[in-house]
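This report describes selected packing features of one protein chain. Please consult the sequence and the structure shown below while reading.

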Amino acid sequence: MTDVEFQVEGRLGRIVLDRPKALNALTLPMVEAVDAQLQQWERDEAISSLTIEGAGERGLCAGGDVVAVRTEILDGQDGQHFFAAEYAMNARLAAYPKPIVVFQDGFVLGGGVGVSAHCSLRLATERTKVAMPETIIGFFPDVGAMHLLASAPGEIGTHLALTGQMISGADAVYAGLSDAVIDSASWPAVVSSLADGRAPDYEAQHVRSELAGQQDWIDECYAGDDAFVILERLRTSSVEQARVAAELIAQRSPWSVSITLAALRRAASMETVDEVLAQDLRLARVVSHHADFAEGVRAQLVDKDRAPKWTHDSLDDVPKDEVDAAFD
């Protein structure tokens with residue numbers, strides 16, 4: 001397995017995602033290799049803690065290989081093997097009996113959130129950029145992320161899920177996707193302390209969250225279960241950031257935005273990440289076979305013309321019974 005490195009230093013097991021040219025995006029073999037290594041190190045008494053890192057300077061992980069999933073589905077296959085393997089890995093990370101410290105440096109997108117945000121210690125940096133951008137490709141924030149987004153302060157999670165907006169490390173801490181912001185140069189000290197069997201050696205930085213200062217308009221605009229009403233509130237708000245959020249949502253698949261809001265509201269009543277991942281697995285089958293997924297991946301990642309033609313013209317055109325049926 002050349003796209004993931006597994007290293008042992010003292011009492012530490014290091015998982016290094018190693019596809020820097022693809023911003024360490026996860027492939028099925030990478031997911032299966034990580035999950036197998038997690039199981040091996042769980043039984044290894046010589047390993048007391050783990051780290052997850054990304055090779056290169058750009059980030060931890062840019063997500064999963066949805067292009068391959070799209071290709072399989074267009075070829076008439078089921079296309080669900082990747083999602084099943086990825087969500088199983090996410091569940092293992094969330095329940096892992098040994099501490100896992102994750103270096104959320106640089107870009108942490110989609111599947112990068114899944115491979116990091118369920119772990120026991122999540123360290124962002126001054127370079128961190130976190131997002132769940134799935135609605136722009138006709139999908140939904142999966143990998144159990146809605147378990148965390150539903151628990152974010154007020155309607156912060158709704159804002160992040162529907163817009164796919166990219167946030168800083170400080171904002172990720174505020175939203176509950178990270179635990180602390182550290183100086184990126186201090187990561188070797190964290191690794192060294194863990195290798196010695198000690199607690200991770202780091203100093204948390206005190207950085208202001210911009211999201212925290214936007215809580216009032218976010219809570220006001222994103223309340224309720226009607227995505228069209230939410231969009232209209234954002235469009236007519238006197239707050240500039242709200243109108244920017246409206247523009248972001250309007251660019252995304254109306255089908256995906258509607259599914260995402262419904263899934264997030266359902267996740268709020270679920271107690272465990274496993275329940276949310278089970279919902280993700282059911283939704284992934286439906287949403288990945290919807291025309292908007294093929295079109296969104298084409299526009300963003302294949303042809304890269306950034307001009308998707310969605311099935312529905314607007315959020316008001318998405319039938320509620322069509323959304324409800326996706327959860328049956």
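Are Phe139 and Phe293 buried or exposed? In this predicted model, Phe139 is buried, and Phe293 is buried as well.

**Aromatic pairs**

The structure contains 8 aromatic pairs. Two of them are set out in the table.

| Aromatic pair | Centre to centre | Angle between planes | Arrangement |
|---|---|---|---|
| Phe82 and Phe83 | 6.0 Å | 70° | edge-to-face |
| Phe139 and Phe293 | 5.5 Å | 50° | tilted |

The pair of Phe139 and Phe293 connects distant parts of the chain, since the two residues are 154 residues apart. Phe139 belongs to the loop between strand 8 (129-131) and helix 5 (145-149), whereas Phe293 belongs to helix 14 (residues 291-302). Phe82 and Phe83 are both buried. Ring pairs join Phe82, Phe83, Tyr87, Phe139, Phe140 and Phe293 into a cluster.

An aromatic ring also takes part in an arrangement with a charged residue: Arg266 lies over the face of Phe327, 4.0 Å from the ring centre.

How many residues of helix 6 are buried? Helix 6 is mostly covered, with 8 of its 8 residues buried. These buried residues are Ile156, Gly157, Thr158, His159, Leu160, Ala161, Leu162 and Thr163. The elements that cover them include helix 5, helix 7 (169-175), helix 9 (215-221), helix 11 and helix 12 (254-267). Just after helix 6, Gly164 adopts a positive phi of about 70°.

Two packed helices are described by the angle between their axes and the distance between the axes. Helix 6 (residues 156-163) packs with helix 11 (residues 240-251) at an angle of about 45°, and the axes are 8 Å apart. Because of this angle, helix 6 is oblique to helix 11. On the side of helix 6, the contact is formed by His159, Leu162 and Thr163; on the side of helix 11, by Ala245, Leu248 and Ile249. Classified by residue type, the contact of helix 6 with helix 11 comprises 4 nonpolar residues, 2 polar residues and no charged residues.

Ala245 is buried, because its relative accessible area is 1%, which falls under the cut-off of 20%. Apart from neighbours within four places in sequence, Ala245 contacts His159, Thr163, Trp217, Tyr222 and Leu234.

**Ile47 in a loop**

Where does Ile47 lie? Ile47 is located in the loop between helix 1 (28-43) and strand 3 (49-54). Its relative accessibility is 2%, and Ile47 therefore counts as buried.

Which residues does Ile47 touch, if those up to four places away in sequence are not counted? They are Val8, Arg11, Leu12, Gly13, Trp41 and Lys98. For Val8, the separation from Ile47 is 39 residues in sequence and 8.2 Å in space, C-alpha to C-alpha.

Definitions and conventions
Residues numbered from 1 in each chain as written. Predicted model: local features only at pLDDT ≥ 70, side-chain atom pairs only at ≥ 80, totals over all residues. Heavy atoms only, no water. Helix = DSSP H or I, 4+ residues; strand = E, 2+ residues; numbered from the N terminus. Buried < 20%, exposed > 50% of the residue type's maximum accessible area, 1.4 Å probe, protein only. Contact = heavy atoms within 4.5 Å. Phe/Tyr/Trp six-rings, centres within 6.5 Å; stacked < 30°, edge-to-face > 60°. Lys NZ or Arg CZ within 6 Å of the ring centre and 35° of its normal. Axes fitted to C-alpha atoms, helices over the stretch in contact; angles between N-to-C directions. Parallel < 35°, antiparallel > 145°, perpendicular 65-115°, else oblique. Nonpolar A, V, L, I, M, F, W, Y, C, P; charged D, E, K, R; others polar.
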